[in-house]
Amino acid sequence: MLRLQNRKVPLIENGFYYPKRWLGNLVARLGGDWHEVYCRGTWDYLKINNKSLYFFTESAWQAPFDVLHLIKKVYPGLEIYFSAEGDGWDTYLTNDAEGRFFTSRFELDMPPENDYYDTIEEVAERVGNYIGRKIEPTKEDVYDAIEEWEMENDDMDAYINFKEFEFVSLNDV
C-alpha cells in the first residue's frame, strides 16, 4: 500500500480523487480483478507499526468488504478488525466485539456535530443534556426520549440521529 500510494502514477488509470490510493490498485496488486471485486473507493490514513496495519476507506453505496475478503485470502493468518458505517445505507457494523481497536458502540448525529460514544450511559447523558431532561441509561429509554422529543420539537435545525454498531463476523458481510 505504501508503494502504491508513493508511485508517480497510479498502477491502474482511474478517475478517483486520489488515484494512487484507489482500492482497485490494491486489488490488482493482490492479484484480484478490480472488475470483479467491489473496490469503489480509496484508502487513507495508512499507519503501520510493529504488528498492526491501520487504514481508513471511503467508498460509495457500501463498505468495500470484498477488498477485506481478498486481503484475508492473500494473507490468511492476518486478523482483520473493521468498523464500517454509512448513513446512505444506514449500516453501522463492526467485528470488534471486545473493543480492542474500535471502542465506539454508538454514534449521535446532532447539533453541533456527530460524536461517537463507548457506552449507553454517555449517550443518555448527552441526549439528556440536549433535550433538557434526565434519561435512564438504556437503549430503549434513549430511543423513547428521542422519539418523544421529535414529536414535540418543530425546530427544523434541531435533530437527533442515534445509531448503534451491530456486531458481525467478516465472513457474514
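Q: Quick one to start: are Phe65 and Phe82 buried or exposed?
A: Buried, both Phe65 and Phe82. Bear in mind that this is a predicted model.

Q: And how are the rings of Phe65 and Phe82 arranged?
A: Their centres are 5.1 Å apart and the planes sit at 70 degrees, so the pair is edge-to-face. The cut-off for that label is over 60 degrees.

Q: Which parts of the chain does that pair tie together?
A: Phe65 is in helix H3 and Phe82 is in the loop between H3 and E3, so the contact ties together parts that are 17 residues apart in sequence.

Q: OK, what about Tyr92 and Phe165, how do those rings sit?
A: The ring centres of Tyr92 and Phe165 are 5.6 Å apart with planes at 85 degrees, so this pair is edge-to-face. It links distant parts of the chain: Tyr92 belongs to strand E4, while Phe165 is in the loop between strand E7 (161-164) and E8, 73 residues apart.

Q: Buried or exposed, Tyr92 and Phe165?
A: Tyr92 is buried, and Phe165 is buried too.

Q: How many aromatic pairs are there by this rule?
A: The count is 10 aromatic pairs. Ring pairs also link up into a cluster made of Phe16, Trp22 and Trp34.

Q: What lies over the face of Tyr18?
A: That's Arg21, at 4.1 Å from the ring centre of Tyr18.

Q: Switching to strands. What order do the three strands of the open sheet come in?
A: The order is E3-E4-E8, and the pairing is mixed. E3 and strand E8 (166-167) are the edge strands, each pairing on one side only.

Q: In which sense do E4 and E8 pair, parallel or antiparallel?
A: Parallel: strand E4 (residues 91-94) pairs with E8 over two bridges. Leu93, for instance, has Glu166 in E8 as its bridge partner.

Q: And E1 with E2, how many bridges join them?
A: Seven, and E1 and E2 run antiparallel. A hairpin of two residues joins E1 to E2.

Q: Now pockets. How much space lies in the largest pocket?
A: About 1,500 Å³.

Q: How many residues line the largest pocket, and which lie nearest its centre?
A: The lining has 45 residues, and those nearest the centre are Leu53, Tyr54, Phe55, Phe56 and Tyr81.

Q: Which element gives the most to the lining of the largest pocket?
A: E2, with eight residues. The elements supplying at least two residues each are helix H1 (2-6), helix H2 (23-29), strand E1 (41-49), strand E2 (52-59), helix H3 (65-74) and strand E3 (83-86).

Q: What does the lining of the largest pocket look like by class?
A: There are 29 nonpolar residues, seven polar ones and nine charged ones in that lining.

Q: Last topic: where is Gln62 found?
A: Gln62 is in the loop between E2 and H3.

Q: Why does Gln62 count as partly exposed?
A: Its relative accessibility is 37%, so Gln62 falls in the partly exposed class, which covers values between the 20% and 50% cut-offs.

Q: How far is Gln62 from Gly86?
A: Their C-alpha atoms are separated by 7.3 Å, with Gln62 and Gly86 24 residues apart along the chain.

Definitions and conventions:
Residues are numbered from 1 along each chain as its sequence is written. This is a predicted model: local features need pLDDT of at least 70, side-chain atom pairs count only at pLDDT 80 or more; totals for chains, interfaces and linings use all residues. Side-chain values use heavy atoms; hydrogens and water are left out. On a 1 Å grid over the protein atoms alone, a cavity is a set of points where a 1.4 Å probe fits but cannot get out, and a pocket is an open set with protein on both sides within 12 Å along at least five of seven lines; lining residues have an atom within 4 Å of a point. Grid points are joined across faces, edges and corners, and a volume is the space filled by probe spheres set on the points. Helices (H or I, at least four residues) and strands (E, at least two) are DSSP runs, numbered from the N terminus. Ala, Val, Leu, Ile, Met, Phe, Trp, Tyr, Cys and Pro count as nonpolar, Asp, Glu, Lys and Arg as charged, and the others, Gly among them, as polar. Two strands pair if DSSP finds at least two bridges between them. Rings of Phe, Tyr and Trp (its six-membered ring) pair if their centres lie within 6.5 Å; planes under 30 degrees apart count as stacked, over 60 as edge-to-face and the rest as tilted. Buried means under 20% relative accessible area, exposed over 50%, partly exposed in between (1.4 Å probe, protein chains only). A charge sits over a ring if NZ of Lys or CZ of Arg is within 6 Å of the ring centre and within 35 degrees of the ring normal.
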